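These are my notebook entries on one chain. I looked up its helices, strands, cores, domains and backbone geometry in turn.

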Amino acid sequence: MRAARCTEYGSPSGLEVVEVDDLAPGPGEVLVTVHAAAVNFPDVLIVANRYQISAPLPFTPGSEFAGVIAALGPGVDGPAVGTPVAGAVLGGAFAEQVVVPVAALRSVPDGLDMVHAAAFHVTYATAYHSLVTVGQATSGEWTAILGAAGGVGSAAVDIAARLGMHVIAAASSADRLAVARKLGAEGGVDYVHEDLKTRIRELSGGAGVHLVIDPVGGDYSEAALRALRRGGRFVTIGYADGKIPRIPLNLVLLKDVVVRGFEIRTVRQYRPDAVVEADRVLGQLVRDGMRPLVSTVHRLEDVAVALTDVAERRTTGKVVIDMTAR
Ligand SMILES: NC(=O)c1ccc[n+]([C@@H]2O[C@H](COP(=O)([O-])OP(=O)(O)OC[C@H]3O[C@@H](n4cnc5c(N)ncnc54)[C@H](OP(=O)(O)O)[C@@H]3O)[C@@H](O)[C@H]2O)c1
């Protein structure tokens, strides 16, 4: 089978696509024929060896896939061979086959093709839990979403607007804000050229927002936190900026705000109830027509280009590798 291989940590431009041996599932595992794999920002960090967890060289990156069950390992009695599935793993998805623990599988929501199924679970579940499970989003409230044209950010704009929130998108250019507006954002702040705190306050009618969703970090975090209204909630979910912010705690005290975090890798362990509820709500929204924004689809041979574009902040929504495209 063909697989992307990382043989040296660093820039994604070093990734190669090579023929490797077919895989076989072990106990508790399944073999999936991968039809599509989505690029997530942590893939870039893992290739650079800058993620929380280090992958030993050489390895196949890729953390999110959709495909069909090709074989079941010892002790596994389903899903049946041929069943469409999606899933998230730490690595291995940028290949024609991936072996995963059966517990890592998710069902493909009705109505999603393989490309959109690959792009759905990580970003939409992260966005949903950040907004609702942790952020306590309520219809009619104001929310500011940073990195609003990116994968998680665009999903958060989409879900928040569908839940009846007033959404202020923050991104680095007018074109990227236009992407968020199409998904339902009422206002936009170009946080490279405008003052984030002042503009969020103005756009939300002066009082500030009830909720901030922050997948970006850096200096934007404190500015957005300062744009919360009294009693507001701030949810930190990532640091695409590369800098983990340090927030003066007096800001939390002065306005009685709540700062919380969310992590998709552990939610099934610690909040299985919330996962069931998220699946229910997101499944209904997909039946109502919601689709992840897939801006670019690449062949596996172009995986280095795909990851480089994400690393260099050039993409909107999701970038997907279509394993069936030649
Ligand atoms: N907590 C969780 O469970 C969870 C789950 C998934 C992802 N994440 C994290 O969330 C963050 C976003 O992930 P994603 O998949 O949405 O990534 P993405 O599609 O690449 O979007 C990241 C956005 O961040 C903005 N950004 C600002 N400064 C940047 C910089 N120096 N380099 C790159 N982007 C920059 C970019 O928008 P502008 O150019 O418009 O600013 C970009 O659209 C990552 O840190 C990821 O690790 C966390």
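**Helix 7.** I began with the buried residues of helix 7 (219-226), which are Y220, S221, A224 and L225; buried means under 20% relative accessible area, exposed over 50%, and partly exposed in between, with a 1.4 Å probe and protein chains only. Viewed down the axis of helix 7, these residues fall within an arc of 130 degrees, so they line one face of the helix. The arc is that of the directions from the helix axis to the C-beta atoms. Helices (H or I, at least four residues) and strands (E, at least two) are DSSP runs numbered from the N terminus.

I then asked what the buried residues of helix 7 pack against. They pack against strand 8 (142-146), helix 6 (196-203), strand 11, strand 12, helix 8 (249-255) and strand 13, where contact means heavy atoms within 4.5 Å.

**Basis of the entries.** The model is predicted: local features need pLDDT of at least 70, side-chain atom pairs count only at pLDDT 80 or more, and totals for chains, interfaces and linings use all residues. Residues are numbered from 1 along each chain as its sequence is written, and side-chain values use heavy atoms, with hydrogens and water left out.

**The strands around helix 7.** I traced the path through helix 7 and found that strand 11, helix 7 and strand 12 make a right-handed β-α-β unit. A crossover is right-handed if, with the strands pointing away from the viewer, the path from the first strand over the helix to the second runs clockwise. Strand 11 (residues 209-214) and strand 12 (residues 228-236) run parallel and are joined by five bridges; two strands pair if DSSP finds at least two bridges between them. Within this pairing, I213 stands opposite V235, and D214 stands opposite T236.

On its other pairing, strand 11 runs parallel to strand 8, with three bridges joining them. Here V212 of strand 11 is the bridge partner of A144. Strand 12 in turn pairs with strand 13 (residues 258-261) in the parallel sense over four bridges.

Is strand 11 enclosed or open? I found six of its six residues buried, so strand 11 is largely enclosed by the rest of the structure.

**T236.** I looked at T236 because it counts as buried, at 19% relative accessibility. T236 lies in strand 12 and stands opposite G261 in strand 13. Not counting residues up to four places away in sequence, T236 touches D214, R260, G261 and F262.

**V216.** I located V216 in the loop between strand 11 and helix 7. V216 is buried, with a relative accessible area of 8%. Leaving aside neighbours within four places in sequence, V216 is in contact with L146, G147, Y191, G238, Y239, A240 and D241. V216 and P245 are 29 residues apart in sequence and 9.7 Å apart in space, C-alpha to C-alpha.

I noted 47 residues in the largest nonpolar core, where L131, I145, V157, I159, L282 and M290 have the most contacts inside it. Such a core is a set of buried Ala, Val, Leu, Ile, Met, Phe, Trp, Tyr and Cys residues joined through side-chain atoms within 4.5 Å. Helix 10 (272-287) gives the largest share of this core, six residues. At least three residues of this core come from each of domain 1 (2-120 + 292-322) and domain 2 (123-266), whose bounds come from an automatic or database domain assignment. A second, separate core of 35 residues includes A4, V34, V47 and V98.

I checked the two domains against each other: 15 residues of domain 1 are in contact with 16 residues of domain 2. The centres of domain 1 and domain 2, taken over C-alpha atoms, are separated by 28 Å.

**Backbone geometry.** Most residues other than glycine have a negative phi, and most peptide bonds are trans. I recorded a cis peptide bond between L57 and P58, with omega about -15 degrees; P58 lies in the loop between helix 1 (41-47) and strand 4 (64-72). The peptide bond from G78 to P79 is cis, with omega near 0 degrees, and P79 lies in the loop between strand 4 and strand 5 (84-88).

N49 is not a glycine, yet has a positive phi of about 55 degrees. N49 is partly exposed, at a relative accessible area of 34%.
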